[in-house]
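Work through the exercises below with the sequence and the coordinates at hand. Each task is followed by a solution in steps.

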Amino acid sequence: MPIIKVKPGEKIRLNKIDADDTGQFHNKQEAIALLAKNIRRMAELQNVLYADGGQSLLIVLQAMDAGGKDGTIRKIMSGVNPQGVRVTSFKKPTEEELSHDFLWRVHKAAPARGMIGIFNRSHYEDVLVVRVHNLVPKKVWQKRYDHINHFEKLLTDNGVTVLKFYLHISKEEQAERLQERLDRPEKNWKFNPGDLKERALWDDYMEAFEVAFEKCSPKNAPWYIVPANKKWYRNLVISEKIVEALEKMNLKYPEPAEGLDNIVIE
Ligand code: ATP
Ligand code: MG
């Protein structure tokens, strides 16, 4: 079972989805050339996206801690022109952010025409961590699924292609990755004792993700569930989807100004 595109209203059972899955591929060697090709193609398409200036791409990444959001961004974006990409990492909201509605900080970070925007965590935190810890009353977070759907519709109606990826790792894989952060000096800085508290709430998070997928996968902005225990496979399928989405935009370089042929540069 490779990447899953959630259908509107579809109920997903994450514990039925194999996080180790690698589709038709048997090992990294088989995927390396394809990934490199996708990264090159993405760079070409981004150039046209920028020149065309009429549409934009928003990539939303959500995962449990150590799920690989950072690594995905580093690898997938390794070929693109940094000027055309903006990564926003959503942390715990500041006092100012909390004094506005939950989408206020998110809307400001939406990609301008011609740009690729990447959300490392996103407005979905407001129905994930917030729901799991009841950071606001249920009657408040419950309404947010609709707010999110309306917000994303506003974006897609305005020429933003919205791609949402959930990096699906198993609980065992998370344990290994957190252990690595303890064991390897160059990874120590990434270890956050708070991650263990969230890990203890694994099942609550899975439920919160499942509800979000069910309620927030309209046709214009579906969730994709990516088996992510194997990093090379995760990168390959995500790069594949991004290339596909950019190609679908039917981007074009603007028409050259009249008379370029007659210009002589001395
Ligand atoms: P890293 O891989 O470096 O640990 P990270 O995305 O986990 O990256 P952290 O600074 O460790 O970054 O964590 C950000 C924290 O902010 C997460 O625990 C996340 O749940 C929390 N957060 C993000 N958005 C919200 C929100 N709207 N309300 C409450 N907490 C939030
Ligand atoms: Mg963290």
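Predicted model: local features only at pLDDT ≥ 70, side-chain atom pairs only at ≥ 80, totals over all residues.

**Exercise 1. Burial and shell of the ligand**

State what share of the area of ligand 1 the protein buries, then describe the residues of the shell.

Solution. 
Step 1: ligand 1 taken alone exposes 630 Å², of which the protein buries 80%.
Step 2: helix H2 (69-76) and helix H5 (129-132) are the elements that give two or more residues to the shell.
Step 3: there are 16 residues around ligand 1, and Lys91, Lys92, Arg121, Glu125 and Asp126 come nearest.
Step 4: by class, the shell holds 10 charged, 5 nonpolar and 1 polar.

**Exercise 2. Aromatic pairs**

Count the aromatic pairs, then classify the pair of Phe165 and Tyr224 and the pair of Trp232 and Tyr233.

Solution. 
Step 1: the count is 9 aromatic pairs.
Step 2: the rings of Phe165 and Tyr224 are 5.8 Å apart centre to centre, with 35 degrees between the planes, and the pair is tilted.
Step 3: Phe165 belongs to strand S5 (residues 160-168) and Tyr224 to strand S6 (residues 223-227), so this pair ties together parts 59 residues apart in sequence.
Step 4: Phe165 and Tyr224 are both buried.
Step 5: Trp232 and Tyr233 make an edge-to-face pair, at 6.1 Å centre to centre and 80 degrees between the planes.
Step 6: Trp232 counts as buried because its relative accessibility is 14%, and Tyr233 is buried at 2%; the cut-off is under 20%.
Step 7: ring pairs also link Tyr124, Tyr166, Phe209, Phe213 and Trp223 into a cluster.

**Exercise 3. Charges over rings**

Which residue lies over the face of Trp104, and which over the face of Tyr145?

Solution. 
Step 1: over the face of Trp104 lies Lys108, 3.7 Å from the ring centre.
Step 2: over the face of Tyr145 lies Lys215, 5.6 Å from the ring centre.

Key:
Residues numbered from 1 in each chain as written. Chains lettered and ligands numbered in written order. Heavy atoms only, no water. Near = heavy atom within 4 Å. Areas by Shrake-Rupley, 256 points an atom, 1.4 Å probe, with all protein chains shown as cover. Helix = DSSP H or I, 4+ residues; strand = E, 2+ residues; numbered from the N terminus. Nonpolar A, V, L, I, M, F, W, Y, C, P; charged D, E, K, R; others polar. Phe/Tyr/Trp six-rings, centres within 6.5 Å; stacked < 30°, edge-to-face > 60°. Buried < 20%, exposed > 50% of the residue type's maximum accessible area, 1.4 Å probe, protein only. Lys NZ or Arg CZ within 6 Å of the ring centre and 35° of its normal.
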